[in-house]
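Subject: Structure handover

Hello,

Here is the structure you asked to look at. My notes on what was found in it follow below.

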Amino acid sequence: MEQVKRDKGEVEINLADVFQILIAKWYVILIVAAVAAIAVGLITNFLIKKKYTANTSMYVYTTAEQNQTGTITSSELVAADNLIKTYQVIVKSNSVLDVVAERFNAEHPEYAAFDITASYLSNVTSVSVPDGTKLIKIDVTTGDPVLSAYIANTFAAYIPDQIIRITKAGGVEIVDKATVPNSPSSPNLSRNIVIGFAAGFILSALFFVLRAYLDTTIYTSEEVNKVSNCPVIGTVPMIVISGEEVAPWEVSLQEEIVNG
């Protein structure tokens, strides 16, 4: 049980009290959470720009003969491990990006307005190595799904020759070419809705709990005993009139008004 001191008195906080507060306001908390989830969903769906990711992958090998024989030795696997990080850096080097941008602009003049440059490609492209593999994965993310696929496939078409030109050793073989993505990679609508619901639920619950414990109004004789050493002589009961609770002095005042 935790004690929270406040000025001249103390307020005792325990899980039972918190649970009672939340139960009393459960419907309000759920409404607030649902409204927050809907609001976040609408913002995500209509205000946040969608991004589409297309990817291509390539396998790293160490010798040109490997392509002919279809075999690989343990020493070649070790050498491939050493080459992968080098290839990963080469893919995003300025010289390679310049070639990819030039080839893309020549093959896709319909995207001239996008101003595809090496700098643009660097911003929309990420290169990764999946754990435990000899693969290099190239992800291209733009606001146009077709553009993402075209750029990724341009990388796939020209990266192998560029790697051999630069390293003079080993090379890469394309495993998968990019396809046009059917759904956006970001923002994640379902995840954002869940986050909005959770945030609305937590914040509204926290509001009611804090409001209850920061309220200094005394409602019961037990609360009087907690904050004062004075004995409670008696209490004034509430009287129900027409479905509303009123104090006895309010009844007397109403009678005086009615009787004139």
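Leu 203 counts as exposed because its relative accessible area is 57%; here buried means under 20% relative accessible area, exposed over 50% and partly exposed in between, with a 1.4 Å probe and protein chains only. This is a predicted model, in which local features need pLDDT of at least 70 and side-chain atom pairs count only at pLDDT 80 or more, while totals for chains, interfaces and linings use all residues. Residues are numbered from 1 along each chain as its sequence is written, and side-chain values use heavy atoms, with hydrogens and water left out.

Leu 203 is part of helix α8. Helices (H or I, at least four residues) and strands (E, at least two) are DSSP runs, numbered from the N terminus. Val 32 is 171 residues away from Leu 203 along the chain, yet the C-alpha atoms of the two are separated by 9.0 Å.

**Nonpolar patch**

A nonpolar patch on the surface has about 1000 Å² of accessible area in total, and its members are Phe 19, Ile 23, Trp 26, Tyr 27, Leu 30, Ile 31, Val 35, Phe 197, Phe 201 and Ile 202. The elements that give two or more residues to the patch are α1 (15–24), α2 (26–46) and α8 (189–214). Helix α2 gives the most, with five residues. Patches are made of residues with over 30% relative accessible area and no salt bridge; like charges are joined within 9 Å, and nonpolar side chains (Val, Leu, Ile, Met, Phe, Trp, Tyr) within 5 Å. Accessible areas come from the Shrake-Rupley method with a 1.4 Å probe, and for residues only the protein chains shown count as cover. Val 35 lies in α2 and counts as exposed because its relative accessibility is 51%.

**Sheet**

Four strands make an open, antiparallel sheet in the order β4-β5-β3-β6. Its edge strands, each pairing on one side only, are β4 (125–128) and β6 (171–176). On average, neighbouring strands of the sheet are turned by 25° against each other, direction ignored. Strand β3 (residues 52–61) pairs with β6 in the antiparallel sense over five bridges; two strands pair if DSSP finds at least two bridges between them. Val 60 has Val 172 in β6 as its bridge partner. Helix α7 (residues 145–167) packs on the sheet and touches β3, β4, β5 (135–142) and β6, and its direction makes about 145° with that of β5. Contact means heavy atoms within 4.5 Å. Axes are lines fitted to C-alpha atoms, for helices over the stretch in contact, and angles run from 0 to 180 degrees between N-to-C directions.

**Salt bridges**

There are two salt bridges in the structure, each defined as a side-chain nitrogen of Lys or Arg within 4 Å of a carboxyl oxygen of Asp or Glu. One joins Glu 102 and Arg 103, with the closest N and O atoms 3.7 Å apart; Arg 103 is partly exposed, at 31% relative accessibility. Another joins Asp 139 and Lys 137, with the closest N and O atoms 4.0 Å apart. Asp 139 is buried at 14% relative accessibility, whereas Lys 137 is partly exposed at 30%.

**Backbone details**

The peptide bond from Ser 186 to Pro 187 is cis, with omega near -5°, and Pro 187 sits in the loop between β6 and α8. Asp 115, a residue other than glycine, has a positive phi near 50°. Asp 115 belongs to the loop between α5 (94–107) and α6 (118–124) and is exposed, at 53% relative accessibility.

Regards
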